[in-house]
Amino acid sequence: MRRFLIIWALSWALAPNAYALGVVQISNVSDFNLGSWGIGDPPIAAHIDVCIYALLTLPLTDYTITVSSPGGYVLTNGMQQIPYSLYWEDSGAGSLGSSGGTQLTNGVALTGQMNANILSTSCALGTTGPNARLTLKISTTDMTNALAGTYNGTITLLLGGT
Amino acid sequence: MFYVVKIPRSGIFLRPIICPLKNGDMMGCPFKKYAALCTHRLFGHLKYGFIFTALIGAINFPLASYAASQGTLGATSTGTVNISVTKTVEAQITDIQDMTLPSWSLGDGDVTLYSNVCVYSSTGSYKVTATGSGSGNAFSIASGSNTIPYTVTWNNAGAGGGLSNSGTGLTSTVQSTNFGNAATTTADCNGGGPTNDTARIILSISNADLTAAMSSSTAYTGTLTMLITPN
């Protein structure tokens with residue numbers, strides 16, 4: 001452990017913009033299965049709570065998240081599309097839901113996110129539990145405008161050090 | 001010495017496995033056959049490794065759908081999330097008006113009444129089943145035992161003010177052919193009205209039938225029911 005920390009400290013001192021030594025992991029990721037929506041239903045707002053682990057990043061517990069979808073933040077059914085928006089909240093374990101989060105832009109890194117777990121890749125130590133929330137929203141207007149059918153999409157969550 | 005095996009991703013439910021090891025090697029792990037991917041050593045007494053346990057999971061756990069993928073430990077970590085929502089197939093008819101003819105006298109000729117309606121269909125198209133209130137669901141109005149038959153026509157010109165009194169004749173209780181031009185972006189056609197409604201129902205009574213009808217002190221009345229089925 002001591003040798004590891006020394007190497008990390010030397011690396012940071014010599015090249016302060018290179019944080020390759022830091023390691024991160026995102027887990028507890030699940031799908032957004034939003035079910036069915038019909039006229040008269042409220043707008044869609046769903047979230048997944050994930051575990052962000054970051055070790056030896058700078059500052060400690062900080063990280064960067066980039067959420068990407070090749071065609072933009074839209075769900076597709078053939079040629080039909082439904083746009084959606086995404087929000088990232090880094091309130092930390094036990095505090096998720098305390099804010100609406102920061103709106104994400106497709107493929108654009110959201111830097112300066114905090115409250116990663118530094119003790120456990122599964123967020124099982126320290127302040128335990130998921131420490132970040134990804135919220136997905138679809139407006140009533142966009143759902144109303146959509147033709148009937150099942151719409152799908154995939155997003156990639158890229159976690160990095162600061 | 002413990003070897004903590006974490007499961008980064010799989011299509012099935014998995015469980016962590018703690019395997020006693022000798023001096024950090026794989027010899028003591030009962031699952032070493034699958035634990036070939038030790039990737040990271042953080043502390044001298046603890047190792048994190050990865051194991052693909054599809055086989056183990058298949059044996060010990062029921063298969064389940066879990067398509068999201070978890071990130072792995074590294075300088076960056078990537079997870080994927082699938083999103084799915086279903087817009088239901090549904091339809092709605094609104095902005096229906098009663099059709100009333102105050103009176104009719106010989107020489108007035110044929111009568112045509114209509115009501116513009118808003119038909120919303122989440123598929124964009126629909127079928128109509130009209131049902132009269134006469135005997136055997138006939139299209140007829142009645143005053144006591146006296147009746148006057150009528151015919152029903154459906155015009156589906158769509159929003160934009162193009163509705164007219166021509167269209168497709170309907171038979172009581174018989175589902176129509178497919179009609180397009182339903183509203184798809186607003187369930188109430190933005191409030192309806194002549195330029196926003198998407199269809200018109202036309203009720204026609206011939207001069208002959210009106211001439212043959214018995215005069216009555218009470219009005220001839222009836223009910224026409226329209227069932228919209230998204231197609």
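Trainee: What percentage of the residues in chain B is buried?

Mentor: Of the 231 residues in chain B, 28% are buried. The model is predicted.

Trainee: How many helices and strands does chain B have?

Mentor: Chain B has two helices and 14 strands. Of its contacts with a separation of 6 or more, 64% join residues 24 or more positions apart.

Trainee: Which residues have the most contacts inside the largest nonpolar core?

Mentor: They are A:Ile52, A:Tyr53 and A:Leu157, in a core of 37 residues. β3(A) gives the largest share, six residues. β5 of chain B also supplies at least two.

Trainee: What makes this set a nonpolar core?

Mentor: Its members must be buried, must be of the listed nonpolar types, and must be joined through C-beta atoms within 7 Å. In soluble globular proteins, nonpolar side chains tend to be buried together.

Trainee: Which residues is A:Ile52 in contact with, leaving aside neighbours within four places in sequence?

Mentor: Among them are A:Ile26, A:Tyr63, A:Ala116 and A:Leu159. Each counts because the C-beta atoms lie within 7 Å.

Trainee: Which residues does the second, separate core include?

Mentor: This core of 28 residues includes B:Val128, B:Tyr150, B:Val152 and B:Ile202.

Trainee: Why are β1 and β8 of chain A said to stand at the edges?

Mentor: The open sheet runs β1-β3-β10-β7-β8 in chain A, with antiparallel pairing. β1 (23-27) and β8 (102-103) each have a single partner strand, so one side of each lacks a neighbour in the sheet.

Trainee: How do you know that β3 and β10 of chain A are joined?

Mentor: Pairing needs at least two bridges. Seven bridges join β3(A) to β10(A), so the two strands pair. A:Ala46 stands opposite A:Leu136 in β10(A).

Trainee: What makes β2 of chain A and β5(B) a pair?

Mentor: They share four bridges, in the parallel sense. The threshold is two, so they qualify. A:Ser36 stands opposite B:Thr86 in β5(B).

Trainee: How many residues does the contact take from chain B and from chain A?

Mentor: It takes 36 from chain B and 43 from chain A. β5 of chain B (residues 76-87) contributes 12, the largest share of its side. That side divides into 11 nonpolar, 22 polar and three charged residues.

Trainee: What pLDDT does chain A average?

Mentor: The average is 88, and 87% of the residues score at least 70. Over residues 4-20 of chain A, the pLDDT is below 50. Where pLDDT is low, the predicted coordinates should not be read in detail.

Technical notes:
Residues are numbered from 1 along each chain as its sequence is written. Chains are lettered from A and ligands numbered from 1 in the order in which they are written. This is a predicted model: local features need pLDDT of at least 70, side-chain atom pairs count only at pLDDT 80 or more; totals for chains, interfaces and linings use all residues. Two residues are in contact if their C-beta atoms, placed from the backbone, lie within 7 Å. Ala, Val, Leu, Ile, Met, Phe, Trp, Tyr, Cys and Pro count as nonpolar, Asp, Glu, Lys and Arg as charged, and the others, Gly among them, as polar. pLDDT is the predictor's confidence in each residue, from 0 to 100. A residue is buried if 20 or more other C-beta atoms lie within 10 Å of its own, exposed if 12 or fewer, and partly exposed in between; C-beta atoms are placed from the backbone.
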